[in-house]
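These entries record what I looked up in this structure.

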Amino acid sequence: MIKPTAVIGDCQLFLGDCLDIMPHLPKVDAVITSPPYDNLREYGKSFSWDFEGTAQHIKKIIKPGGVCVWVVGDQVKEGSETGSSFFQALYFKEIGMNIHDTMIYWKYAFPFPDKTRYAQVFEYMFILSLGKPKTTNIIKVPTKVHNRVKSSSRQRNADGTTTPMKSAMGKAERNLENIWIYDVGFMKSAKDSYVFDHPAIFPEQLAQDHVYSWTNKNETILDPFMGSGTTGVACVKLGRKFIGIEIEEKYFDIACKRIEEAYKQPDMFIEETKKAEQVGLDLASND
Ligand SMILES: C[S@@+](CC[C@H](N)C(=O)[O-])C[C@H]1O[C@@H](n2cnc3c(N)ncnc32)[C@H](O)[C@@H]1O
C-alpha cells in the first residue's frame, strides 16, 4: 500500500495516474467511475489514457463478486459515433467480467442541437461484475396503483398459451427500472458552485444510488478517475470507505475540499439512498 496524498476521514485520496497507483492498492468491493471518454472534455494537462491497461487493473483490484460501474458516452467523429462505450464493455467481458446490466443515465437538460440526429440525452452505465454480484440492494419505488390486480395483463408461455401476468400489480413497491434520470447542469448536479470548475461531474444522486445499490456499509469503493470527488461524497454520506485517484491537481483539490465539507454537512450519514428520480416510467400506472 502506498501513502495517500491526503486522508480525510475514511477517504484516501491519491494525486497521480491511476495506472501507477492501482497496482499498490488493496482489493476493493466496488469501482464506481467515469473515464475520460473520447476526449469529450478537456481536462487541462494533456494525458493519454490506456483503456486496456486500466480495465485489467480494475479486474485485478475488485474482490470476487465486486462490481464496476462504468459511466461512459460516445463522441461523434467524422460523421459516426465512435462506439468506444460498446468496445469497452465487450473488452471487460473478454477479460472475464460479466456485463451484469447495461443501464442508461438520462441527462435531463437542454442537449446540444444537431440537425440530423435526435437530441442526445443519455450515457451508458455498464454494471460489470466479477462473477455474480455479492451485493444487490435494488432500489424500490412506490407503485402508483396498488391493492388492485389488473386482470387484462397476460404473459405468453413457451407453449403459446397465456396466463395472468405476475407483475408488480397489487404491490405497494416495485424494483426501479434501469433507466435513471437526473437533472443536470449548473447548481443541479452538485450544490456548490466551485465543483463546476470540473467540466464533467456526475450528479451527486447518481453516485449515491450506485454506492447504495452495489455495496454495504463500511465496504470500500474506488474511483480511479475521481474528478471532483462525487463518488467520494456519496461514500461519506452512506458510510462507505473511499479511495480516489485524480491526475489533475486542480480537480484533486476540488475533491479534497468537497469531501472535507461533506463530513460537516448536517444531512450526512443517511441509511438509505433517496429514490432515483424517474419520469413517466411507472409501469404499474398504465391501466
Ligand atoms: C469524466 S471525469 C470524472 C468526473 C467525476 N465522475 C466527477 O463527478 O467529478 C474523468 C477524470 O479523470 C481524470 N483522469 C484522466 N486520466 C487519468 C489517469 N490516468 N489517472 C487518474 N485520473 C485521470 C481527469 O482529469 C478527469 O478529472
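**Entry 1, strand E8.** I note that the model is predicted. Within this pairing, Val 72 has Tyr 124 of E8 as its bridge partner, and Val 71 stands opposite Met 125 in E8. I then followed strand E7 (residues 98–108), which runs antiparallel to E8 and is joined to it by eight bridges. Here Ile 104 is the residue opposite Tyr 124. I also asked why strand E8 can be called largely enclosed by the rest of the structure. Strand E8 spans residues 122–129, and six of its eight residues are buried, so I recorded it as largely enclosed.

**Entry 2, the sheet.** I traced the open sheet of nine strands and wrote down its order as E1-E2-E15-E14-E3-E4-E8-E7-E13, with mixed pairing. Strand E1 (6–8) and strand E13 (179–183) are the edge strands, each pairing on one side only. From one strand to the next, I read an average twist of 20°. Helix H2 (residues 51–61) packs on this sheet, where it touches E3, E4 and E14. The direction of H2 makes about 145° with that of E4.

Nonpolar side chains tend to be buried together in soluble globular proteins. Leaving out residues up to four places away in sequence, I listed the contacts of Cys 68 as Ala 30, Val 31, Ile 58, Ile 62 and Leu 128.

Is helix H5 (residues 230–237) mostly covered or mostly uncovered? I found it mostly covered, with eight of its eight residues buried. Among them are Thr 230, Gly 232, Cys 235 and Lys 237. The buried residues of H5 pack against strands E2 (11–15), E3 (28–33), E14 (220–223) and E15 (241–246), and against helices H4 (204–214) and H6 (249–264). Just after H5, I noted a positive phi of about 70° at Gly 239.

I counted 22 residues around the ligand, the closest being Phe 225, Gly 227, Ser 228, Thr 230 and Ile 247. Thr 230 is also one of the buried residues of H5. Helix H1 (18–21) and E15 each supply at least two residues of the shell. By class, I recorded 14 nonpolar, five polar and three charged residues in the shell.

Technical notes
Residues are numbered from 1 along each chain as its sequence is written. This is a predicted model: local features need pLDDT of at least 70, side-chain atom pairs count only at pLDDT 80 or more; totals for chains, interfaces and linings use all residues. A residue is buried if 20 or more other C-beta atoms lie within 10 Å of its own, exposed if 12 or fewer, and partly exposed in between; C-beta atoms are placed from the backbone. Helices (H or I, at least four residues) and strands (E, at least two) are DSSP runs, numbered from the N terminus. Two residues are in contact if their C-beta atoms, placed from the backbone, lie within 7 Å. A residue is near a molecule or strand if its C-beta atom, placed from the backbone, lies within 6 Å of it. Ala, Val, Leu, Ile, Met, Phe, Trp, Tyr, Cys and Pro count as nonpolar, Asp, Glu, Lys and Arg as charged, and the others, Gly among them, as polar. Two strands pair if DSSP finds at least two bridges between them. Axes are lines fitted to C-alpha atoms, for helices over the stretch in contact, and angles run from 0 to 180 degrees between N-to-C directions.
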